[in-house]
Amino acid sequence: MDIASSYNTFTLTVENSVAHLQFSRPEKLNSMNLDFWREFPAAIAALSMSDDLRVLVISAQGPHFCAGMDLEVFQSPDKFPMGKDKARVSEAMRRFVMQLQQVFTDIEQLRVPVLTAIQGGCIGGALDLVAASDMRYCTKDAFFTIKEVALGITADLGTLQRLPSILPQGIVRELAYTGRNFSAAEADKFGLVNQVFATQEAMLDGVLQIASQIAAHSPLAVTGSKEMLNYSRDHGVDDSLKYMATWQSGMLCLEETMKIMQAQRQRKAPVLDPLRKVTGLFAE
């Protein structure tokens, strides 16, 4: 898999079917500037078309994961819909916000698991991002903040929609209304993160090890698990069971199951086919 590495806001590498996207602007607290909003969705789109990607890990360089939206975005009025026709400006603004929301929804809809490794501050838009990931891990010095309320803004890129399915309602509302820091200890206690590590190095080692464990399994079974978990979160048990039955009727690969069982008997790692590569419509 060949993914261009000429990004200004992060580095992206792929090894053994595990992609590692690492924010690389520590001097700016890895804030989400205009380049980020151009580059990040392009990178996720490229990863989504891979025929061998099995896991994506998102981490960051420096003492903080991400400080959220860079001030340069707010200071670029030409990027925001403006004009005298309030109705048309409002319609354009709605579409603009939905375009930003889709950037993080793309993580949620990526057909492979997405793991986020968080140290220091995870603020504002960064919390929108990690809320859309499958699993979150952090260092003991990490903290999470719904910062938008302190700026006179209602958080609008997914935090208020996704966190209530992860954290207790009362906790989410407290964070949304107060804008206070939510510590790593609290994140661990209430289940926002899977594990807390002592250091950033230990966290990266641990998360990449978990990613490798996931990558060793059937990519068809893993992507099916993600599809079912996302669907079940948003639907009732009866509908989810019916969707599961429909999925299994078309996606169950008994030949692969037999291959895995044979490899286990031989105490070997099975050689499993990747998912089919995704291409553009009618691409050559």
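Which residue stands opposite valine 57 in β3? In this predicted model, the residue opposite valine 57 is histidine 20. The two strands β2 and β3 pair in the parallel sense, and the pairing extends over 6 bridges. Strand β3 covers residues 55-60, and because 6 of its 6 residues are buried, the strand is largely enclosed by the rest of the structure. Val55, Val57 and Ser59 point one way from β3, while Leu56, Ile58 and Ala60 point the other way. Residues on either side of the strand are buried.

Serine 17 has a positive phi of about 70°, although it is not a glycine. Most residues other than glycine have a negative phi. The relative accessible area of serine 17 is 12%, so this residue is classed as buried, the cut-off being under 20%. A positive phi is also found at arginine 267, with a value of about 55°, and this residue is likewise not a glycine. Arginine 267 belongs to the segment after α11 (254-265). Its relative accessibility is 79%, so arginine 267 counts as exposed, the cut-off being over 50%.

The largest pocket has a volume of about 640 Å³. Its lining comprises 28 residues, and those nearest the centre are Trp37, Met69, Asp70, Val73 and Phe74. Two or more lining residues are given by each of the helices α1 (34-48), α2 (71-74), α3 (86-109) and α4 (125-131). The largest share comes from α3, which gives 5 residues to the lining. Divided by class, the lining of the largest pocket contains 16 nonpolar, 5 polar and 7 charged residues.

The second largest pocket has a volume of about 360 Å³. It is lined by 18 residues, of which Ser133, Asp134, Leu229, Asn230 and Arg233 are the closest to its centre. At least two lining residues come from β6 (135-139), and at least two from α9 (219-234). The largest share of this lining, 6 residues, is supplied by α9. By class, 8 residues of the lining are nonpolar, 4 are polar and 6 are charged. The second largest pocket lies between domain 1 (10-215) and domain 2 (218-266), because both domains give residues to its lining.

The cysteines were considered next. A disulfide is a covalent bond between the sulfur atoms of two cysteines. A search of the whole structure returns 0 disulfides. For cysteine 66, the nearest cysteine sulfur is that of cysteine 122, at 7.2 Å. The cut-off for a disulfide is a sulfur pair within 2.5 Å, and cysteine 66 is in no disulfide. Cysteine 66 has a relative accessibility of 1% and therefore counts as buried. Cysteine 253, in contrast, has a relative accessible area of 27%, so this residue is partly exposed.

Notes: Residues numbered from 1 in each chain as written. Predicted model: local features only at pLDDT ≥ 70, side-chain atom pairs only at ≥ 80, totals over all residues. Heavy atoms only, no water. Buried < 20%, exposed > 50% of the residue type's maximum accessible area, 1.4 Å probe, protein only. 1 Å grid on protein atoms, 1.4 Å probe; cavity = no way out; pocket = protein on both sides within 12 Å on 5 of 7 lines; lining within 4 Å. Points joined across faces, edges and corners; volume = space filled by probe spheres on them. Helix = DSSP H or I, 4+ residues; strand = E, 2+ residues; numbered from the N terminus. Nonpolar A, V, L, I, M, F, W, Y, C, P; charged D, E, K, R; others polar. Domains from an automatic or database assignment. Pairing = 2+ DSSP bridges.
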